[in-house]
Each structure stands twice: as C-alpha cells, then as structure tokens.
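Student: I would like to learn how to read salt bridges and strand pairing in a model. Could you walk me through a case?

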Amino acid sequence: MAAPTSPRPHAVLFACGLNSLRSPMAAALFKHLFGHASYVASAGVRTGELDPFAVAAIEEVGLDISKHRPMTFEELDDWEGLNFDLIVTLSPEAHHKALDLTRTLAADVEYWPTPDPSDTEGSREQRLDAYRGVRDMLLARIKERFGAPPVANE
C-alpha cells in the first residue's frame, strides 16, 4: 500500500452531485476506518433521494447509511459550517462547486472521478454489482490516500 500523500486532514468532506449514493458511501467508509481521528461529512450540489442500492451495498460490509439525509453544500453550511481541510469531489459537477467555494474557503480539493452506478441497467444483482464496484473502489482509494487505519479500528 502506498503511503498517504500528506498527513490525514482533521476534517474531510466527500461531495457528489446528489449526495444520495457515492458521497454517503465514501463518508461511511472513511468514518468506519478512521473513527473520530478525523471529522467526515458528505454533501451534494443538489439533493436526491437516498439510493436503496447504495444502502444495500454498504450494508454488505457491515455499515448503515439508511438514516443518511442527503443535503447540499448550502444546507451543510447552514447546519454546521464548511470547516473542512479537504473536499474530495466524486463527480465533475461537485468538483466545479468545490473549486468555486475555495475562493472563500481555505480547503484543499481533490477530484476522484467515480462512476455513477445508478446508470447501470440489468437485473437487481447486476445493478447491485455496479454499486459494489463503486464501494470497493472508494474503499481502496480512501486507504491509498489516507493510509492504514489506526489499529484500534481494525
């Protein structure tokens, strides 16, 4: 495993278009790995309904996002402020939004192009496989970027 590219940030925001599948999965995986060592949240450019396939895919690895309430950057800002060291964007739309925000925020932005599995057609199992692929890709990328989790959380 590659060493992290920089020290683990104190607060990370994962962002995508609707905050309904990619960013909530990434935030849940990050929180599972690093616990309270870093604060994590997720937001979207717009809000959508929480995707049930995302809930199912993340549940397979023992995590629960069923109570996640999708929110926009603006809603998150109103709720708790945008006090993040790093914004990880998972879609082009979110990346543009984050770059625009950094004109007034002191946050780094990283773009991790991540496919939208909701576009997948086929049987339930074929569609769920697409979500598993995104989940596994996010997990690998989080571990690669932020390093090994603390021993207490393994």
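Tutor: Gladly; we will take the salt bridges and then a strand. This is a predicted model, in which local features need pLDDT of at least 70 and side-chain atom pairs count only at pLDDT 80 or more, while totals for chains, interfaces and linings use all residues. Residues are numbered from 1 along each chain as its sequence is written, and side-chain values use heavy atoms, with hydrogens and water left out.

Student: What is a salt bridge here?

Tutor: Side chains of opposite charge can pair when their charged atoms come close. The rule asks for a side-chain nitrogen of Lys or Arg within 4 Å of a carboxyl oxygen of Asp or Glu. The count by this rule is nine salt bridges.

Student: Which residue forms a salt bridge with Glu-93?

Tutor: Arg-46 does, with the closest N and O atoms 2.2 Å apart. The pair links distant parts of the chain, 47 residues apart: Glu-93 is in helix α4 (residues 92-101), and Arg-46 is in the loop between β2 (39-44) and α2 (52-59). Helices (H or I, at least four residues) and strands (E, at least two) are DSSP runs, numbered from the N terminus.

Student: Is Arg-135 buried or exposed?

Tutor: Buried means under 20% relative accessible area, exposed over 50%, and partly exposed in between (1.4 Å probe, protein chains only). Arg-135 has a relative accessible area of 7%, so this residue is buried. Arg-135 forms a salt bridge with Glu-60, where the closest N and O atoms are 3.1 Å apart. Because Glu-60 lies in the loop between α2 and α3 (73-80) and Arg-135 in helix α5 (residues 124-146), the pair ties together parts 75 residues apart in sequence. Glu-60 itself is partly exposed, at 40%. Arg-135 also meets Asp-136 in a salt bridge (2.9 Å, N to O). A network of salt bridges links Glu-60, Glu-125, Asp-129, Arg-132, Arg-135 and Asp-136.

Student: Why is strand β1 largely enclosed by the rest of the structure?

Tutor: Because six of the six residues of β1 (residues 11-16) are buried. Ala-11, Leu-13 and Ala-15 point one way, and Val-12, Phe-14 and Cys-16 the other way.

Student: How many bridges join β1 to β3?

Tutor: Two strands pair if DSSP finds at least two bridges between them. Four bridges join β1 to β3 (residues 86-89), and these strands run parallel. Phe-14 has Val-88 as its bridge partner in β3. With β2, the pairing of β1 is also parallel, over six bridges.
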